[in-house]
Amino acid sequence: MTWYYPPHQRELGMLHTLVREGFAANRHVDYALNFAGTARVAEFRVDDGETLLVETEEGEPPALHLAHPAASVVTRAPGETEWIAAVPIEGDADAPPHRVLEPRVPVALASRDGLWEAEGPLLGRPVFRSAARPTVASGESREEALADPATAETRHDVVALPDGSWTTVHELGFRFLRIDSPAGDVAEVTVDASRRPAPRRGAFACSDDTLTRIWQVSADTLHACMHGLMIDGVKRDRMPWIGDQALNTLSNAYAFGDRRIVTDGLTALGRPRHGYVNGIADYSLWWLIGTGFLTRTFDAAGYLAAEADHIHGFTERLAAQTGADGLFRPIPTDDDFHALVFIDWGVETDPDRDSTALQILWLWALRTAASGLHSTAHPGAARWDALADHVLATLRAAAWDDATASWREYVDGASAPSPYPNLLAVLAGLNGAHDRGVRDLLLGTERAGTPFMTGFLLRALIEVGEPEAAVHRIHDLWGGMLDAGARSFWEEFGDDGSPYAMYERPFGKSLCHAWSSGPAALLPDAVLGLRPLADGWSRFTVAPRLGSLEWAEARVPAPPGDIIATARDGVVTVEVPAGATLVTDAGEHPGPASVRWTA
């Protein structure tokens, strides 16, 4: 069965499905509802035949389904004159693809010490038989599954299936399951699990088993959170957040090479009806920056060509909130998240002053928009280059501290430096290894809040020439979660108070959170110097910095083909695919080629 959607409607339909299911399944959800609505009505024409009108309910996109693919299916909104190509998606006859977010696979649970246990985190519905109506509790830890149901993050309503077995009304995100039945007859449990068919095409291994394991668990964490769109965590909130996606786009590029989930997320989230993406001003900036991460690590030419006008318009709406100095001063709306400016959990910004971190994100977003538009020859590119130059001049005059050679917390000429603007300045290309003040500040910052911003801090350390420091912190921070028994990585590090509490709730912390997947991209870069130098990995470099490691190897699923790099016994070997060029100190090496040199 082939389903046909108007452009962007399948992606918006998936977003509506996620939000609807997330609110239904979870007891504590905080998510801005200003995302775009679906079209609800569209006209379709098949093979130049008669015009068909499809109407749907609120939150459901219009989609036409055909038993067999047609040679031509075009669509338009009622009242419009221009027909455009509809987007074909294969799916089942009884459910459109935007509702079936991922295929289902059966996963058997093991019975251990009174609980049913999975090897890793799952998102799905348990199915089991019992002669009496059971009660169910789930958790990402044994403690959560055994806790008072009043503390549960998830709703656990059960329902009987036609064959007499039991399941839950909502999908559960869990690793441990408790089933209490008056009959005491539950003999086996299978989970009807949602699992994206995205093979782990990338790899990383080295002589340090902990680092190897960190890379693997980072990839596992990311994969578990691939659910139609990239969601934050399998337990809660199961919602897509663009800041999270910006970071895990890089992890995805190194571990899976799944471009579609990135473009689907950008499409769905980048069209808020009003206000900001996810109700957060800086998340609108991360949306633009995320298009740059897509462009650098995937083949994004088609996406940029189709979305150039939208990227330009999106940037225009943000630019309307700037002053004569070019600084971005977001305007509060009724749909804002907890804070209009987020940066990271635990970061509080003074609303009466201009946050340097926010302004550097704005500058970075402008540069990204300009770069993407230049690649499509869009006339708006020069405007955003000019505005970025203006913003930089303002920041240099009032946010740079000559005494410490680093960035102040506020654009006020007086505040002290702080880590966030400095790490973001490095990533935005404003500073590098020669800026000792910035480098020393970052070296003195053990971590930046959550694994989300700490992932960017470590990327900045690599950029300023301190990859060994980045690797050491990955080993300690993410290795600390492994030492605590983690099978997936957590929303906060393990030493932030209770291992499970967050948001003033005993089990509020997500123990499988995609924004903690940063090491999947960081380790190949920090250890092997394996990174793209041009869009889509068309040019890349390998410059191993093993430090105390005896050997390391990685495979990256780049758009031209797999890149394989190995450093062992003082010899570096790189397999270069056709369509890519390896750049080393010795020169350029176009693929296909096997390049070998002595380090």
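Two strands pair if DSSP finds at least two bridges between them. Strands (E, at least two residues) and helices (H or I, at least four) are DSSP runs, numbered from the N terminus. The model you are looking at is predicted: local features need pLDDT of at least 70, side-chain atom pairs count only at pLDDT 80 or more, and totals for chains, interfaces and linings use all residues. Residues are numbered from 1 along each chain as its sequence is written, and side-chain values use heavy atoms, with hydrogens and water left out.

**Exercise 1. Follow the strands E23, E24 and E25.**

Task: Find how E24 pairs with E23 and with E25.

Step 1. Start at E23 (residues 551-558), which runs antiparallel to E24 (residues 561-568) and is joined to E24 by eight bridges. A hairpin of two residues leads from E23 to E24.

Step 2. Move on to E25 (residues 571-576), which pairs with E24 over five bridges, again in the antiparallel sense. Here Thr566 has Thr573 in E25 as its bridge partner. Two residues lie between E24 and E25 in their hairpin, and Asp569 in the turn has a positive phi of about 55 degrees.

**Exercise 2. Describe His227.**

Task: Is His227 buried or exposed?

Step 1. Locate His227 in strand E17 (residues 226-227).

Step 2. His227 has a relative accessible area of 4%, so this residue is buried.

Step 3. Beyond its neighbours within four places in sequence, His227 is in contact with Leu18, Leu101, Glu102, Leu123, Glu171, Ser194 and Ile261.

**Exercise 3. Examine two aromatic pairs.**

Task: What is the geometry of the pair Tyr283 and Phe342, and of the pair Trp478 and Phe493?

Step 1. Rings of Phe, Tyr and Trp (its six-membered ring) pair if their centres lie within 6.5 Å; planes under 30 degrees apart count as stacked, over 60 as edge-to-face and the rest as tilted. The structure holds 24 such pairs.

Step 2. Tyr283 and Phe342 are edge-to-face, at 5.8 Å centre to centre and 90 degrees between the planes. Tyr283 sits in helix H6 (residues 281-297) and Phe342 in the loop between helix H7 (301-319) and H8, 59 residues apart. Both residues are buried.

Step 3. Trp478 and Phe493 have ring centres 5.2 Å apart and planes at 85 degrees, so this pair is edge-to-face. Trp478 counts as buried because its relative accessibility is 0%.

How values were computed:
Buried means under 20% relative accessible area, exposed over 50%, partly exposed in between (1.4 Å probe, protein chains only). Contact means heavy atoms within 4.5 Å.
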